[in-house]
Amino acid sequence: MIEAVPLRLRRGDVVAVRLPPGEAWRGIAESAWAGEAALLPVDHRLPEAAAQDLVSRAEPTVLISASGWHRLPGGRSADASIGLIIPTSGSSARPRLVELTRHAVEAAVSASLAALEADEADGWVSCLPLAHIGGLLVVLRSLLAGSPLVFRQSDDLLPPAGVRFIAVVPTLLARTLDAGTDLGGYAAIVVGGGGMEDGLARRAKAAGARCVVTYGLTQSCGGVIYDGLPLPGVSVRTSDAGEVELGGPTLMRGYRDGDAGGKSTPEQSDFTADGWLRTGDAGWIDDRGRLRVRGRLDDLIVSGGEKIWPGDVEACLRGHPGVADCAVFGRHDATWGRRVVAAVVPRDPDAPPTLAELRDRVGAVLGRHRAPRELLIVGSLPRTGLGKVRLGSLGAGPGGGRLGDDGVS
């Protein structure tokens, strides 16, 4: 049974929380859930102007920040069925404010715990940003299951005594493995935020880390596909065009900023006529019934009439000994329509790989027509808090950005 902590909340309040991760979050979430108020996380790392813009659009009734607890004049309450209002975490575009009902959150949490075979005695480590659905779901799993919760910095991920589960993103997992941290004590390491490459998966397995790779969006209440299989109650299919579609009780109700009248309704383009969530991702279901996600439909580069998936090219480039990291996208080209561009972080900045070398490698593996025609050497790739590359910061033009919102479950 969840009991409220002493916050002066009203039924239907929208509680904006702009605090760094820490113990206060569990008490705030507990109070909001018990009081039938909606929780709205505001990333404490946002520049002031961006945070103010988010709060202005969300119109919360309560703000909790480092300066204390404040009831805001002119705030707009939410339907008491709404448990979370979560800004989308795509790598570009203005965040949307996704409304998730308590029923959807409870369905996602219970299905996740069942799939992981976790019970109330199994604690969780919270190390992800709480302004995203993946990080906040860790807190809610602990809260709704009554299990222990330990907040840790990303450089201190050894499993504490009695704690068996943790959620991470691939970049954090890679850094933790690089540091030699022993992750074998976790019953499961839940990995989301964009999938996991084969090379990282092999490294994790060799290190004794038991990883569960998830797929989902903020609009689906985070990851609802575990290792390619839908959670209990969740359905997955692909359209004739190859788009991944999700069904089940975890789907969003709508957007907080859905219309001028203040009602929360999803845009027509978000759902199919029969109520399935359109993810915007391309994929297929293999002969074992597992979902395979190829990438964002918006990622697809059509160059000289050929269809080129950036993920395929990135995987090939990472096999080059001189490439530490990379991102591939398309730019307008007067001759080819769009050309393939590779942004590469070299292992040795003083001896970066050349465009010719990378074209030869991709040509030998995928075909010359998929090879990059432009090379950007960068010191690092700009990423979101969940590790997604901000392609707009690299100069990706229209159609070359990644607007996906994969959730860490």
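Biologist: Which loop holds glutamate 59?

Modeller: Glutamate 59 lies in the loop between helix α2 (48-58) and strand β3 (62-65), and since this is a predicted model, what follows describes computed geometry.

Biologist: Where is glutamate 117 found, and what phi does it have?

Modeller: Glutamate 117 is found in the loop between α3 (102-116) and β7 (123-126), and although it is not a glycine, its phi is positive, at about 55°. With a relative accessibility of 69%, glutamate 117 counts as exposed, because the cut-off for that word is over 50%.

Biologist: Is serine 147 buried or exposed, and which residues does it touch?

Modeller: Serine 147, in the loop between α4 (133-145) and β8 (149-151), has a relative accessibility of 3% and therefore counts as buried, the limit being under 20%. Leaving aside residues up to four places away in sequence, serine 147 touches Arg26, Asp119, Glu120, Asp122, Trp124, Arg141 and Ser142.

Biologist: How should I read a sheet, and what is the order of the strands in the open sheet of three strands?

Modeller: In general, the strands of a sheet pair through backbone hydrogen bonds, in either a parallel or an antiparallel sense. In this structure, the open sheet of three strands runs in the order β21-β22-β23, and its pairing is mixed. Its edge strands, each pairing on one side only, are β21 (323-333) and β23 (374-377), and the twist from one strand to the next averages 25°.

Biologist: In which sense do β22 and β23 pair, and what packs on the sheet?

Modeller: Strand β22 (residues 337-346) pairs with β23 in the parallel sense, over four bridges, and valine 344 stands opposite isoleucine 377 in β23. Helix α7 (residues 310-318) packs on the sheet, where it touches β21 and β22, and its direction makes about 145° with that of β21.

Biologist: What is the mean pLDDT of the chain, and where is pLDDT under 50?

Modeller: The mean pLDDT of the chain is 88, and 90% of its residues reach 70 or more. Over residues 1-6, however, the pLDDT is below 50, and this stretch has 13 contacts in the model beyond near neighbours in sequence. The pLDDT also stays under 50 over residues 398-409, for which the model has 75 contacts beyond four places in sequence. Where pLDDT is low, the predicted coordinates should not be read in detail.

Terms used. Residues numbered from 1 in each chain as written. Predicted model: local features only at pLDDT ≥ 70, side-chain atom pairs only at ≥ 80, totals over all residues. Heavy atoms only, no water. Pairing = 2+ DSSP bridges. Helix = DSSP H or I, 4+ residues; strand = E, 2+ residues; numbered from the N terminus. Axes fitted to C-alpha atoms, helices over the stretch in contact; angles between N-to-C directions. Contact = heavy atoms within 4.5 Å. Buried < 20%, exposed > 50% of the residue type's maximum accessible area, 1.4 Å probe, protein only. pLDDT = per-residue confidence, 0-100.
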